[in-house]
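Me: Please go through the following structure with me, one question at a time.

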Amino acid sequence: MFDPKLQTPLDDGETALARFQPDRGTYIKAHVMLAVLGGLAATLGLALIGNPYPWAGIVAGVLGVGTRGAYLMKEELAMQWTLTDRALLGPGGRRILLGNIRTARKLGSAVQVVTISGDKHLVKFLADPGAVRARIDSARGTAQ
């Protein structure tokens, strides 16, 4: 079973440079936007197929995304990432050596880290994903 509280320990002599934690406000804002957009799409879809109750789409979208968001909030907000002088450490024992990172790019409120082998990791719900991306690039020696 995945334990989000499990943090990858630092190796001997390794130094933590920064810690990245999800932002509660960003998490809530992302879920509100998803609920509204999904609900509007569902309402439009129901209207297009001639359903007599298209308003049910917005209700279902808000309730579905809201329930899911509330259920997963504690787990998602516990997903801490640590940038060290050697690696990016993530929840569940993830360790991505800085030399193995091909690119770090901003995707909405997240930073996607792509390794040389093609593995992709998301550091999600960040208040300032641009700053996190820049910090990772700076540690890699590829600041732009």
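Me: In which helix does Ile58 lie?
Reply: This is a predicted model, in which local features need pLDDT of at least 70 and side-chain atom pairs count only at pLDDT 80 or more, while totals for chains, interfaces and linings use all residues. Residues are numbered from 1 along each chain as its sequence is written, and side-chain values use heavy atoms, with hydrogens and water left out. Helices (H or I, at least four residues) and strands (E, at least two) are DSSP runs numbered from the N terminus. By that numbering, Ile58 lies in helix 2.

Me: Is Ile58 buried, partly exposed or exposed?
Reply: Buried means under 20% relative accessible area and exposed over 50%, with partly exposed in between (1.4 Å probe, protein chains only). Ile58 has 28% relative accessibility, so it counts as partly exposed.

Me: Which residues does Ile58 touch, not counting residues up to four places away in sequence?
Reply: Contact means heavy atoms within 4.5 Å. With residues up to four places away in sequence not counted, Ile58 touches Val36, Gly39, Leu40 and Thr43.

Me: Against which element do the buried residues of helix 1 pack?
Reply: Helix 1 has the buried residues Thr26, Tyr27, His31, Ala35, Gly39 and Thr43. An α-helix has 3.6 residues a turn, so residues three or four places apart point the same way. The buried residues of helix 1 pack against helix 2 (56-77).

Me: How far apart are the end C-alpha atoms of helix 1?
Reply: The expected span of a helix is 1.5 Å times one less than its number of residues. Helix 1 (residues 24-48) has 25 residues and should therefore span 36 Å. The distance between its end C-alpha atoms agrees, at 36 Å.

Me: Which strands stand at the edges of the open sheet of four strands?
Reply: Two strands pair if DSSP finds at least two bridges between them. The sheet of four strands is open, with the order 1-2-3-4 and antiparallel pairing. Each edge strand has a single partner, so one side of it is left without a neighbour in the sheet; the edges are strand 1 (16-20) and strand 4 (94-97).

Me: What angle does the direction of helix 3 make with that of strand 1?
Reply: Axes are lines fitted to C-alpha atoms, for helices over the stretch in contact, and angles run from 0 to 180 degrees between N-to-C directions. Strand 1 pairs with strand 2 (residues 81-84) in the antiparallel sense over four bridges, and Phe20 stands opposite Trp81 in strand 2. Helix 3 (residues 129-140) packs on the sheet and touches strand 1, strand 2 and strand 3 (87-90), and its direction makes an angle with that of strand 1 of about 155°.

Me: Which residues have the most contacts inside the largest nonpolar core?
Reply: A nonpolar core is a set of buried Ala, Val, Leu, Ile, Met, Phe, Trp, Tyr and Cys residues joined through side-chain atoms within 4.5 Å. The largest such core has 15 residues, and those with the most contacts inside it are Phe20, Leu88, Val111, Val113 and Ile136.

Me: How many residues of strand 6 are buried?
Reply: Ala110, Gln112 and Val114 point one way from strand 6, Val111, Val113 and Thr115 point the other way, and all are buried. In a regular strand the side chains alternate between the two faces of the sheet. Strand 6 is largely enclosed by the rest of the structure, because the number of its residues that are buried is six of the six.

Me: Which residue stands opposite Val111 in strand 7?
Reply: The open sheet of three strands has the order 5-6-7, with antiparallel pairing. Within this sheet, strand 6 and strand 7 (residues 120-123) pair over four bridges. Val113 stands opposite His121, and the residue opposite Val111 is Val123.

Me: Which residues form the covered face of strand 7?
Reply: Strand 7 has an uncovered face, made of Lys120 and Leu122. The covered face is His121 and Val123.

Me: Which residue takes a positive phi in the hairpin of strand 5 and strand 6?
Reply: Strand 5 and strand 6 run antiparallel and are joined by six bridges, with Arg105 opposite Gln112. Their hairpin has two residues between the strands, and the residue with a positive phi, near 65°, is Gly108.
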